[in-house]
Amino acid sequence: MADRSRMPVTALLGSNMFFSGVTYAATIPYASLVGIDTLGLTPAWFATIMAVGSVLATFVSVALGYISDKLPDRRLLVVMTAIAGMVAHGMIYAWPTQASFAIAMGLVMPVAGACYSQCFGYVRVYYARHRPERADFMVTALRTVFTLAWIVVPPLAGWIAAEFDIFNVYLASAVSYAAIAGIYPVLMRDPATCIEASAPRRLDGDWKTSFALQPGIVAGLIGLIVMTGGSRLFTFTIPLSIVSDLGGGLADVGLYAGITAATEVPALFLLAYLGNRLSKETLLAAAGVVMAVFIGIASQLHTVSELFWLLALNGLGTAALMTISLSYVQEAIKDRVGLSTSLLDVVAIAANLLGAMAFGVLAADGDYRFALVIAAIISVAGAIILALGNMGRLGAKTKTADAPV
(Lines give C-alpha, C1' and ligand atoms only; values in the text may rest on other atoms or scores of the structure.)
Protein backbone atom coordinates (compact mmCIF):
# COMPACT_ATOMS: atom_id res chain seq x y z
CA MET A 1 0.00 0.00 0.00
CA ALA A 2 1.37 3.43 -0.96
CA ASP A 3 2.08 6.02 1.72
CA ARG A 4 -0.96 8.03 2.74
CA SER A 5 -0.95 11.72 1.92
CA ARG A 6 -0.77 14.20 4.78
CA MET A 7 -3.02 16.57 2.83
CA PRO A 8 -6.82 16.59 2.46
CA VAL A 9 -6.43 15.30 -1.07
CA THR A 10 -10.08 14.40 -1.62
CA ALA A 11 -11.16 17.89 -0.53
CA LEU A 12 -8.63 19.50 -2.87
CA LEU A 13 -9.64 17.27 -5.78
CA GLY A 14 -13.30 17.93 -5.02
CA SER A 15 -12.62 21.68 -5.17
CA ASN A 16 -10.79 21.11 -8.42
CA MET A 17 -13.81 19.31 -9.88
CA PHE A 18 -16.16 22.08 -8.76
CA PHE A 19 -14.03 24.78 -10.38
CA SER A 20 -13.75 22.60 -13.47
CA GLY A 21 -17.53 22.45 -13.52
CA VAL A 22 -17.70 26.25 -13.26
CA THR A 23 -15.50 26.65 -16.35
CA TYR A 24 -18.04 24.65 -18.35
CA ALA A 25 -21.28 25.67 -16.66
CA ALA A 26 -20.59 29.40 -16.85
CA THR A 27 -19.72 29.42 -20.55
CA ILE A 28 -21.16 26.51 -22.56
CA PRO A 29 -24.83 27.58 -22.28
CA TYR A 30 -23.90 31.03 -23.54
CA ALA A 31 -21.25 30.32 -26.21
CA SER A 32 -23.58 30.63 -29.20
CA LEU A 33 -25.36 33.63 -27.67
CA VAL A 34 -22.02 35.40 -27.16
CA GLY A 35 -20.60 34.50 -30.54
CA ILE A 36 -23.72 35.01 -32.67
CA ASP A 37 -26.16 37.29 -30.84
CA THR A 38 -23.64 39.53 -29.04
CA LEU A 39 -20.51 39.61 -31.20
CA GLY A 40 -22.37 39.27 -34.50
CA LEU A 41 -20.74 36.15 -35.92
CA THR A 42 -22.81 34.27 -38.48
CA PRO A 43 -23.71 30.66 -37.58
CA ALA A 44 -21.31 29.52 -40.31
CA TRP A 45 -18.37 31.50 -38.86
CA PHE A 46 -19.21 30.40 -35.34
CA ALA A 47 -19.27 26.77 -36.48
CA THR A 48 -15.99 27.22 -38.36
CA ILE A 49 -14.24 28.56 -35.26
CA MET A 50 -15.52 25.64 -33.20
CA ALA A 51 -14.53 23.17 -35.91
CA VAL A 52 -10.97 24.54 -36.21
CA GLY A 53 -10.61 24.35 -32.45
CA SER A 54 -11.84 20.77 -32.48
CA VAL A 55 -9.35 19.68 -35.13
CA LEU A 56 -6.42 21.25 -33.29
CA ALA A 57 -7.63 19.85 -29.98
CA THR A 58 -7.58 16.33 -31.40
CA PHE A 59 -3.83 16.43 -31.94
CA VAL A 60 -3.19 18.21 -28.65
CA SER A 61 -5.23 15.79 -26.54
CA VAL A 62 -3.72 12.62 -28.02
CA ALA A 63 -0.21 14.04 -27.59
CA LEU A 64 -0.93 15.01 -23.98
CA GLY A 65 -2.48 11.61 -23.26
CA TYR A 66 0.54 9.81 -24.69
CA ILE A 67 2.93 12.04 -22.76
CA SER A 68 0.99 11.71 -19.50
CA ASP A 69 1.87 8.01 -19.26
CA LYS A 70 5.57 8.91 -19.44
CA LEU A 71 5.86 12.05 -17.32
CA PRO A 72 7.23 11.75 -13.77
CA ASP A 73 4.36 13.96 -12.57
CA ARG A 74 0.96 14.07 -14.30
CA ARG A 75 -0.02 17.21 -12.40
CA LEU A 76 2.20 19.38 -14.61
CA LEU A 77 -0.18 18.85 -17.53
CA VAL A 78 -3.16 19.88 -15.44
CA VAL A 79 -1.45 23.16 -14.50
CA MET A 80 -0.46 23.85 -18.10
CA THR A 81 -3.94 23.22 -19.50
CA ALA A 82 -5.58 25.24 -16.71
CA ILE A 83 -3.35 28.24 -17.46
CA ALA A 84 -4.36 27.99 -21.12
CA GLY A 85 -8.03 28.11 -20.10
CA MET A 86 -7.39 31.14 -17.90
CA VAL A 87 -5.74 32.94 -20.82
CA ALA A 88 -8.42 31.99 -23.36
CA HIS A 89 -11.49 32.97 -21.37
CA GLY A 90 -9.71 35.94 -19.80
CA MET A 91 -9.02 37.18 -23.32
CA ILE A 92 -12.71 37.04 -24.27
CA TYR A 93 -13.64 38.97 -21.11
CA ALA A 94 -10.93 41.64 -21.41
CA TRP A 95 -11.14 42.01 -25.20
CA PRO A 96 -14.74 41.17 -26.27
CA THR A 97 -14.43 41.16 -30.04
CA GLN A 98 -14.93 38.68 -32.84
CA ALA A 99 -11.13 38.39 -33.19
CA SER A 100 -10.55 37.56 -29.52
CA PHE A 101 -13.37 35.03 -29.55
CA ALA A 102 -11.91 33.36 -32.64
CA ILE A 103 -8.36 33.27 -31.24
CA ALA A 104 -9.44 32.05 -27.82
CA MET A 105 -11.86 29.35 -28.97
CA GLY A 106 -9.99 28.27 -32.11
CA LEU A 107 -6.36 28.38 -30.96
CA VAL A 108 -6.01 28.51 -27.15
CA MET A 109 -8.94 26.43 -25.91
CA PRO A 110 -7.72 23.31 -27.78
CA VAL A 111 -5.03 23.13 -25.08
CA ALA A 112 -7.35 24.12 -22.23
CA GLY A 113 -9.96 21.58 -23.29
CA ALA A 114 -7.71 18.77 -22.10
CA CYS A 115 -7.80 20.07 -18.51
CA TYR A 116 -11.01 18.17 -17.69
CA SER A 117 -9.71 14.79 -18.84
CA GLN A 118 -6.26 15.33 -17.33
CA CYS A 119 -7.91 16.06 -13.98
CA PHE A 120 -9.89 12.83 -14.17
CA GLY A 121 -6.81 10.97 -15.36
CA TYR A 122 -4.97 12.06 -12.24
CA VAL A 123 -7.96 11.21 -10.03
CA ARG A 124 -8.10 7.67 -11.39
CA VAL A 125 -4.38 6.92 -11.09
CA TYR A 126 -4.19 8.50 -7.63
CA TYR A 127 -7.02 6.42 -6.18
CA ALA A 128 -5.97 3.31 -8.13
CA ARG A 129 -2.69 3.53 -6.25
CA HIS A 130 -3.92 4.56 -2.79
CA ARG A 131 -7.45 3.15 -2.66
CA PRO A 132 -7.88 0.77 -5.61
CA GLU A 133 -11.12 -0.69 -4.24
CA ARG A 134 -12.68 2.81 -4.31
CA ALA A 135 -11.25 4.14 -7.57
CA ASP A 136 -14.46 3.82 -9.61
CA PHE A 137 -16.54 5.20 -6.74
CA MET A 138 -14.29 8.24 -6.34
CA VAL A 139 -14.42 9.02 -10.07
CA THR A 140 -18.23 8.93 -9.88
CA ALA A 141 -18.29 10.94 -6.65
CA LEU A 142 -16.07 13.67 -8.05
CA ARG A 143 -18.11 13.70 -11.24
CA THR A 144 -21.07 14.46 -8.98
CA VAL A 145 -19.20 17.48 -7.58
CA PHE A 146 -18.69 18.59 -11.18
CA THR A 147 -22.46 18.28 -11.64
CA LEU A 148 -23.05 20.37 -8.51
CA ALA A 149 -21.37 23.29 -10.25
CA TRP A 150 -23.81 22.87 -13.12
CA ILE A 151 -26.72 23.14 -10.67
CA VAL A 152 -25.49 26.29 -8.96
CA VAL A 153 -23.65 28.26 -11.64
CA PRO A 154 -25.87 28.52 -14.78
CA PRO A 155 -28.85 30.22 -13.07
CA LEU A 156 -26.47 32.64 -11.34
CA ALA A 157 -24.54 33.23 -14.57
CA GLY A 158 -27.81 33.80 -16.43
CA TRP A 159 -28.89 36.40 -13.91
CA ILE A 160 -25.51 38.17 -14.08
CA ALA A 161 -25.54 38.08 -17.89
CA ALA A 162 -29.05 39.53 -18.02
CA GLU A 163 -28.54 42.19 -15.35
CA PHE A 164 -24.94 43.22 -16.01
CA ASP A 165 -22.75 41.92 -18.84
CA ILE A 166 -22.83 38.56 -20.59
CA PHE A 167 -19.02 38.57 -20.81
CA ASN A 168 -18.83 38.22 -17.03
CA VAL A 169 -19.43 34.49 -17.52
CA TYR A 170 -15.98 34.28 -19.10
CA LEU A 171 -14.47 36.15 -16.17
CA ALA A 172 -15.93 33.53 -13.81
CA SER A 173 -14.44 30.77 -15.94
CA ALA A 174 -11.00 32.44 -16.12
CA VAL A 175 -10.92 32.79 -12.32
CA SER A 176 -11.92 29.12 -11.94
CA TYR A 177 -9.15 27.99 -14.28
CA ALA A 178 -6.73 30.04 -12.15
CA ALA A 179 -8.01 28.23 -9.04
CA ILE A 180 -7.40 24.84 -10.69
CA ALA A 181 -3.89 25.93 -11.65
CA GLY A 182 -3.31 26.86 -8.00
CA ILE A 183 -4.61 23.63 -6.45
CA TYR A 184 -2.08 21.31 -8.06
CA PRO A 185 1.06 23.18 -6.90
CA VAL A 186 -0.37 22.79 -3.39
CA LEU A 187 -0.67 19.04 -3.98
CA MET A 188 2.91 18.97 -5.26
CA ARG A 189 4.12 19.91 -1.79
CA ASP A 190 3.29 16.38 -0.61
CA PRO A 191 5.43 13.65 -2.25
CA ALA A 192 2.71 11.05 -1.56
CA THR A 193 0.46 12.72 -4.15
CA CYS A 194 3.03 12.31 -6.93
CA ILE A 195 2.03 9.38 -9.15
CA GLU A 196 4.82 8.36 -11.48
CA ALA A 197 3.85 6.60 -14.66
CA SER A 198 4.66 2.92 -14.76
CA ALA A 199 6.08 1.32 -17.85
CA PRO A 200 3.20 0.41 -20.15
CA ARG A 201 2.55 -3.18 -21.12
CA ARG A 202 3.52 -3.92 -24.75
CA LEU A 203 2.63 -7.00 -26.68
CA ASP A 204 5.43 -7.04 -29.26
CA GLY A 205 7.53 -3.91 -28.80
CA ASP A 206 5.70 -2.08 -31.58
CA TRP A 207 4.53 1.44 -30.57
CA LYS A 208 1.30 0.81 -32.48
CA THR A 209 0.22 -1.65 -29.78
CA SER A 210 -0.20 1.33 -27.45
CA PHE A 211 -3.18 2.36 -29.54
CA ALA A 212 -4.68 -1.11 -30.02
CA LEU A 213 -8.48 -1.16 -29.73
CA GLN A 214 -10.82 -4.11 -30.06
CA PRO A 215 -13.61 -3.87 -32.68
CA GLY A 216 -16.34 -3.63 -30.06
CA ILE A 217 -14.57 -0.74 -28.37
CA VAL A 218 -14.10 1.01 -31.72
CA ALA A 219 -17.83 0.70 -32.40
CA GLY A 220 -18.55 1.95 -28.89
CA LEU A 221 -16.32 4.98 -29.32
CA ILE A 222 -17.83 5.81 -32.71
CA GLY A 223 -21.30 5.46 -31.23
CA LEU A 224 -20.32 7.76 -28.36
CA ILE A 225 -18.96 10.33 -30.80
CA VAL A 226 -22.18 10.33 -32.83
CA MET A 227 -24.46 10.42 -29.76
CA THR A 228 -22.43 13.18 -28.16
CA GLY A 229 -22.35 15.01 -31.49
CA GLY A 230 -26.13 15.10 -31.44
CA SER A 231 -25.97 16.49 -27.89
CA ARG A 232 -23.44 19.14 -29.00
CA LEU A 233 -25.73 20.22 -31.83
CA PHE A 234 -28.52 20.46 -29.26
CA THR A 235 -26.27 22.47 -26.90
CA PHE A 236 -25.38 24.98 -29.62
CA THR A 237 -28.99 25.31 -30.74
CA ILE A 238 -31.16 25.28 -27.62
CA PRO A 239 -30.04 28.66 -26.17
CA LEU A 240 -30.91 30.34 -29.45
CA SER A 241 -34.17 28.41 -29.64
CA ILE A 242 -35.11 29.44 -26.08
CA VAL A 243 -34.61 33.10 -26.97
CA SER A 244 -35.99 33.01 -30.52
CA ASP A 245 -38.68 30.29 -30.56
CA LEU A 246 -39.82 29.88 -26.96
CA GLY A 247 -39.93 33.52 -25.90
CA GLY A 248 -37.33 33.16 -23.15
CA GLY A 249 -34.33 35.25 -22.10
CA LEU A 250 -30.77 34.86 -20.78
CA ALA A 251 -32.03 33.98 -17.30
CA ASP A 252 -34.14 31.17 -18.78
CA VAL A 253 -31.03 29.76 -20.51
CA GLY A 254 -29.32 29.61 -17.12
CA LEU A 255 -32.34 27.99 -15.48
CA TYR A 256 -32.50 25.40 -18.25
CA ALA A 257 -28.87 24.37 -17.61
CA GLY A 258 -29.26 24.43 -13.81
CA ILE A 259 -32.46 22.38 -13.75
CA THR A 260 -30.91 19.82 -16.09
CA ALA A 261 -27.91 19.46 -13.76
CA ALA A 262 -30.19 19.16 -10.72
CA THR A 263 -32.01 16.25 -12.34
CA GLU A 264 -28.65 14.58 -12.99
CA VAL A 265 -28.10 13.98 -9.27
CA PRO A 266 -30.98 11.49 -8.72
CA ALA A 267 -30.17 10.09 -12.16
CA LEU A 268 -26.66 9.28 -10.92
CA PHE A 269 -28.10 7.21 -8.07
CA LEU A 270 -30.33 5.37 -10.53
CA LEU A 271 -27.37 4.75 -12.83
CA ALA A 272 -25.30 3.46 -9.88
CA TYR A 273 -28.07 0.95 -9.19
CA LEU A 274 -28.41 -0.05 -12.83
CA GLY A 275 -24.64 -0.15 -13.28
CA ASN A 276 -24.45 -3.19 -11.01
CA ARG A 277 -26.99 -5.02 -13.17
CA LEU A 278 -26.56 -3.84 -16.75
CA SER A 279 -23.48 -3.48 -18.94
CA LYS A 280 -22.00 -0.09 -19.76
CA GLU A 281 -22.85 -0.62 -23.43
CA THR A 282 -26.52 -1.14 -22.57
CA LEU A 283 -26.70 2.00 -20.46
CA LEU A 284 -24.87 4.13 -23.02
CA ALA A 285 -27.08 2.97 -25.89
CA ALA A 286 -30.17 3.64 -23.78
CA ALA A 287 -28.83 7.12 -22.99
CA GLY A 288 -28.65 7.90 -26.70
CA VAL A 289 -32.29 6.87 -27.14
CA VAL A 290 -33.39 8.92 -24.12
CA MET A 291 -31.59 11.99 -25.47
CA ALA A 292 -33.16 11.49 -28.89
CA VAL A 293 -36.64 11.33 -27.38
CA PHE A 294 -36.04 14.46 -25.31
CA ILE A 295 -34.54 16.50 -28.16
CA GLY A 296 -37.26 15.37 -30.56
CA ILE A 297 -40.02 16.49 -28.19
CA ALA A 298 -38.15 19.74 -27.40
CA SER A 299 -38.17 20.63 -31.09
CA GLN A 300 -41.97 20.80 -31.04
CA LEU A 301 -42.47 22.90 -27.90
CA HIS A 302 -43.77 26.47 -27.80
CA THR A 303 -42.95 27.79 -24.30
CA VAL A 304 -40.00 27.68 -21.92
CA SER A 305 -42.14 26.18 -19.16
CA GLU A 306 -42.95 23.21 -21.38
CA LEU A 307 -39.21 22.68 -21.87
CA PHE A 308 -38.55 22.83 -18.14
CA TRP A 309 -41.05 20.02 -17.48
CA LEU A 310 -39.07 17.72 -19.78
CA LEU A 311 -35.61 18.37 -18.36
CA ALA A 312 -35.61 15.18 -16.24
CA LEU A 313 -35.14 13.26 -19.49
CA ASN A 314 -32.25 15.51 -20.43
CA GLY A 315 -30.69 15.01 -16.99
CA LEU A 316 -30.93 11.23 -17.21
CA GLY A 317 -29.45 11.04 -20.70
CA THR A 318 -26.71 13.55 -19.95
CA ALA A 319 -25.76 11.82 -16.68
CA ALA A 320 -25.32 8.51 -18.48
CA LEU A 321 -23.38 9.94 -21.41
CA MET A 322 -21.09 12.01 -19.20
CA THR A 323 -20.56 9.61 -16.28
CA ILE A 324 -20.63 6.08 -17.66
CA SER A 325 -18.48 7.11 -20.60
CA LEU A 326 -15.72 8.13 -18.16
CA SER A 327 -14.99 4.61 -16.95
CA TYR A 328 -15.89 3.07 -20.33
CA VAL A 329 -13.33 5.14 -22.22
CA GLN A 330 -10.65 5.00 -19.50
CA GLU A 331 -10.73 1.20 -19.82
CA ALA A 332 -10.48 1.27 -23.62
CA ILE A 333 -6.70 0.73 -23.87
CA LYS A 334 -5.49 -1.80 -21.34
CA ASP A 335 -2.78 -0.60 -18.95
CA ARG A 336 -2.69 2.88 -20.49
CA VAL A 337 -4.81 5.12 -18.27
CA GLY A 338 -3.30 8.34 -19.62
CA LEU A 339 -3.67 7.37 -23.25
CA SER A 340 -7.16 6.02 -22.64
CA THR A 341 -8.06 9.24 -20.85
CA SER A 342 -6.98 11.19 -23.93
CA LEU A 343 -9.69 9.30 -25.78
CA LEU A 344 -12.18 11.22 -23.63
CA ASP A 345 -10.89 14.32 -25.38
CA VAL A 346 -10.95 12.62 -28.78
CA VAL A 347 -14.60 11.63 -28.29
CA ALA A 348 -15.52 15.11 -27.05
CA ILE A 349 -13.56 16.85 -29.78
CA ALA A 350 -14.91 14.69 -32.61
CA ALA A 351 -18.43 15.17 -31.24
CA ASN A 352 -17.87 18.91 -31.00
CA LEU A 353 -16.67 18.96 -34.61
CA LEU A 354 -19.70 16.97 -35.75
CA GLY A 355 -22.06 19.20 -33.77
CA ALA A 356 -20.39 22.41 -34.97
CA MET A 357 -20.48 21.39 -38.62
CA ALA A 358 -24.12 20.37 -38.37
CA PHE A 359 -24.96 23.61 -36.56
CA GLY A 360 -23.24 25.72 -39.24
CA VAL A 361 -25.34 24.09 -41.96
CA LEU A 362 -28.67 23.69 -40.18
CA ALA A 363 -28.83 26.99 -38.28
CA ALA A 364 -27.70 29.21 -41.15
CA ASP A 365 -31.27 30.32 -41.93
CA GLY A 366 -32.39 30.51 -38.29
CA ASP A 367 -34.55 27.37 -38.38
CA TYR A 368 -33.59 26.09 -34.94
CA ARG A 369 -36.47 23.62 -34.69
CA PHE A 370 -35.24 21.69 -37.71
CA ALA A 371 -31.71 21.65 -36.25
CA LEU A 372 -33.13 20.07 -33.09
CA VAL A 373 -34.92 17.38 -35.12
CA ILE A 374 -31.63 16.47 -36.82
CA ALA A 375 -29.89 16.42 -33.42
CA ALA A 376 -32.42 13.83 -32.24
CA ILE A 377 -31.81 11.70 -35.33
CA ILE A 378 -28.04 11.89 -34.84
CA SER A 379 -28.37 10.83 -31.20
CA VAL A 380 -30.41 7.72 -31.96
CA ALA A 381 -28.04 6.86 -34.84
CA GLY A 382 -25.13 6.83 -32.38
CA ALA A 383 -27.05 4.54 -30.04
CA ILE A 384 -27.68 2.12 -32.91
CA ILE A 385 -24.00 2.11 -33.93
CA LEU A 386 -22.86 1.37 -30.38
CA ALA A 387 -25.47 -1.36 -29.92
CA LEU A 388 -24.80 -3.10 -33.26
CA GLY A 389 -21.07 -3.21 -32.55
CA ASN A 390 -21.57 -4.70 -29.09
CA MET A 391 -24.50 -7.09 -29.41
CA GLY A 392 -22.75 -9.64 -27.21
CA ARG A 393 -22.34 -7.12 -24.38
CA LEU A 394 -25.89 -5.81 -24.29
CA GLY A 395 -28.18 -6.79 -21.45
CA ALA A 396 -27.33 -7.98 -17.97
CA LYS A 397 -23.86 -7.30 -16.64
CA THR A 398 -21.45 -10.22 -16.72
CA LYS A 399 -17.77 -10.59 -16.09
CA THR A 400 -16.96 -10.36 -19.78
CA ALA A 401 -19.79 -8.14 -20.97
CA ASP A 402 -18.68 -5.07 -19.11
CA ALA A 403 -14.96 -5.27 -19.64
CA PRO A 404 -13.36 -4.21 -22.91
CA VAL A 405 -11.17 -7.05 -24.06
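This is a predicted model: local features need pLDDT of at least 70, side-chain atom pairs count only at pLDDT 80 or more; totals for chains, interfaces and linings use all residues.
Reader: How far does helix α5 reach from its first C-alpha to its last?

Author: Helices are DSSP runs of H or I with at least four residues, and strands are runs of E with at least two, numbered from the N terminus. The expected span of a helix is 1.5 Å times one less than its number of residues. Helix α5, residues 98-112, has 15 residues and an expected span of 21 Å. The reach of α5 is close to that figure, at 20 Å.

Reader: At which residue does α5 bend?

Author: A bend at a residue is the angle between axes fitted to the seven residues ending there and the seven starting there. In α5 this angle is about 35°, and the residue is M105.

Reader: How many of the residues of α6 are buried?

Author: Helix α6, residues 115-130, reaches 22 Å, close to the 22 Å expected. This helix is largely enclosed by the rest of the structure, because the buried residues number 14 of the 16.

Reader: What distance separates the end C-alpha atoms of α15?

Author: The buried residues of α15 include Y368, L372, I378 and L386. At 1.5 Å a residue, the 22 residues of this helix should span 32 Å. The distance between its end C-alpha atoms agrees, at 32 Å.

Reader: How many aromatic pairs does the structure hold?

Author: Rings of Phe, Tyr and Trp (its six-membered ring) pair if their centres lie within 6.5 Å; planes under 30 degrees apart count as stacked, over 60 as edge-to-face and the rest as tilted. By this rule the number of aromatic pairs is 14.

Reader: Which parts does the pair of F46 and F236 tie together?

Author: F46 and F236 form an edge-to-face pair, 5.7 Å centre to centre with 90° between the planes. Both residues are buried. F46 lies in residues 43-68 and F236 in residues 215-244, so the pair ties together parts 190 residues apart in sequence, namely helices α3 and α9.

Reader: Which residues do ring pairs link into a cluster?

Author: The cluster takes in both F46 and F236. With its other members included, the cluster consists of F46, F101, F236 and F359.

Reader: Why is the pair of W159 and F164 classed as it is?

Author: W159 is partly exposed at 45% relative accessibility, whereas F164 is exposed at 57%. Their ring centres are 5.5 Å apart and their planes stand at 80°, so the pair is edge-to-face.

Reader: What separation do the C-alpha atoms of I49 and I103 have?

Author: I49 is in helix α3 and counts as buried at 9% relative accessibility. I49 and I103 are 54 residues apart along the chain, and their C-alpha atoms are separated by 8.5 Å.

Reader: What separation do the C-alpha atoms of G40 and Q98 have?

Author: G40 lies in the loop between α2 and α3 and is partly exposed at 45% relative accessibility. G40 and Q98 are 58 residues apart along the chain, yet the separation of their C-alpha atoms is 7.6 Å.

Reader: How much space lies in the largest cavity?

Author: On a 1 Å grid over the protein atoms alone, a cavity is a set of points where a 1.4 Å probe fits but cannot get out, and lining residues have an atom within 4 Å of a point. Grid points are joined across faces, edges and corners, and a volume is the space filled by probe spheres set on the points. There are two cavities of 30 Å³ or more. The space in the largest is about 1,300 Å³.

Reader: Which residues lie nearest the centre of the largest cavity?

Author: The lining of the largest cavity has 50 residues. Those nearest its centre are Y24, I28, R232, A348 and N352.

How values were computed. Residues are numbered from 1 along each chain as its sequence is written. Side-chain values use heavy atoms; hydrogens and water are left out. On a 1 Å grid over the protein atoms alone, a cavity is a set of points where a 1.4 Å probe fits but cannot get out, and a pocket is an open set with protein on both sides within 12 Å along at least five of seven lines; lining residues have an atom within 4 Å of a point. Buried means under 20% relative accessible area, exposed over 50%, partly exposed in between (1.4 Å probe, protein chains only).
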